[in-house]
Amino acid sequence: MLKFYYNAAPNPLKVALFLEETGLDYEPIAIDTRRGDQHQPAYLALNPNGKAPTLVDGDVTVFDSNAILLYLAEKTGQFLPEDTGQARGQLLSWLMFVATGVGPFSGQAVHFRHFTPEPVSYGQQRYSFEARRHWKIVDERLAAHPYMLGDTYTIVDMAVWGWGTRIPFMLGDDAMSDYPCLNRLMQEIEARPAAQRAMALKDKHTWKTDFDDAAKRHLYPQIYGPAS
Ligand SMILES: N[C@@H](CCC(=O)N[C@@H](CS)C(=O)NCC(=O)O)C(=O)O
């Protein structure tokens, strides 16, 4: 059975969506980042980056949510575009665009908006701007096509959905109105039973809710580290 190390955050969420869409047999294992599970040696042996998610499939270990989506799509042959060189070029380009652009800039936009020890206006400006720029590109793509890769729902839409769920928290309550085509896709995915199950997955475990000093040390060690 697949082992899925996860929490409720956007990167694990997109993998949960794939697992639920395909009905693959998997065991969800909680990585409670406020408790510091991500820094435990046994977990670091699987995921040297010390982040969630990680997938273990027998003797195969895959970390990074986007790598896991690609691994599972290729393993099952599901949620991929048609099998042409041109379509594969688009798949890799858009998946990496989400992995290296949408995800990291969105994450930093959330951080600078909500979690810095004191307000850092340039950081807020920089990351909100870049997050918005990336989401605009996604929206324009979805204005031209029903899905990120054309006419078919694929792992790229799942990858977009993960971080897309956080746009109001990231950019403001009414931010989604700037991205009507993305909003259409988000609503379509959210209505899928697999997405409902993916969002409910976190209820299988009890999570630390206190965002206390110990939790902040696990998540934002730079606050406590030596000045660089
Ligand atoms: N590129 C990685 C990023 C994973 C990531 O940042 N995960 C967050 C949750 S969304 C995490 O585990 N944070 C814990 C920490 O930073 O200590 C991926 O897509 O899997």
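User: How many residues surround the ligand, and which are the closest?

Analyst: This is a predicted model. In it, 13 residues surround the ligand, and Ala-9, Asn-11, Lys-51, Ala-52 and Ser-65 are the closest of them. By class, this shell consists of five nonpolar, six polar and two charged residues.

User: How is the chain divided into domains?

Analyst: The domain assignment gives domain 1 as 2-78 + 197-223 and domain 2 as 85-191. The C-alpha centres of domain 1 and domain 2 are 20 Å apart.

User: How many residues of each domain are in contact with the other domain?

Analyst: On the side of domain 1 there are 12 residues, in contact with 13 residues of domain 2. Helix 1 and helix 3 each supply at least two residues of the side of domain 1 that touches domain 2. Helix 1 gives the most to that side, namely six residues. By class, the residues on that side of domain 1 are eight nonpolar, three polar and one charged.

User: Is the crossing of helix 3 and helix 6 left-handed or right-handed, and which residues make the contact?

Analyst: The crossing is right-handed. From helix 3, the contact is made by Ser-65, Asn-66, Leu-69, Leu-70 and Ala-73, and from helix 6 by Ile-155, Met-158, Ala-159 and Gly-162. By class, this contact of helix 3 with helix 6 has six nonpolar, three polar and no charged residues. Ser-65 also belongs to the closest residues around the ligand.

User: Turning to the backbone, which residues are joined by a cis peptide bond?

Analyst: The cis peptide bond joins Ala-52 and Pro-53, with omega about 15°. Pro-53 is in the loop between helix 2 (41-46) and strand 3 (54-57). Ala-52 is also one of the closest residues to the ligand.

User: What is phi of Asp-64, and where does Asp-64 lie?

Analyst: Phi of Asp-64 is near 85°, a positive value in a residue other than glycine. Asp-64 lies in the loop that runs between strand 4 (60-63) and helix 3.

Notes:
Residues are numbered from 1 along each chain as its sequence is written. This is a predicted model: local features need pLDDT of at least 70, side-chain atom pairs count only at pLDDT 80 or more; totals for chains, interfaces and linings use all residues. A residue is near a molecule or strand if its C-beta atom, placed from the backbone, lies within 6 Å of it. Ala, Val, Leu, Ile, Met, Phe, Trp, Tyr, Cys and Pro count as nonpolar, Asp, Glu, Lys and Arg as charged, and the others, Gly among them, as polar. Domain bounds come from an automatic or database domain assignment. Two residues are in contact if their C-beta atoms, placed from the backbone, lie within 7 Å. Helices (H or I, at least four residues) and strands (E, at least two) are DSSP runs, numbered from the N terminus. A crossing is left-handed if the near helix is turned anticlockwise from the far one by less than a right angle, and right-handed if clockwise.
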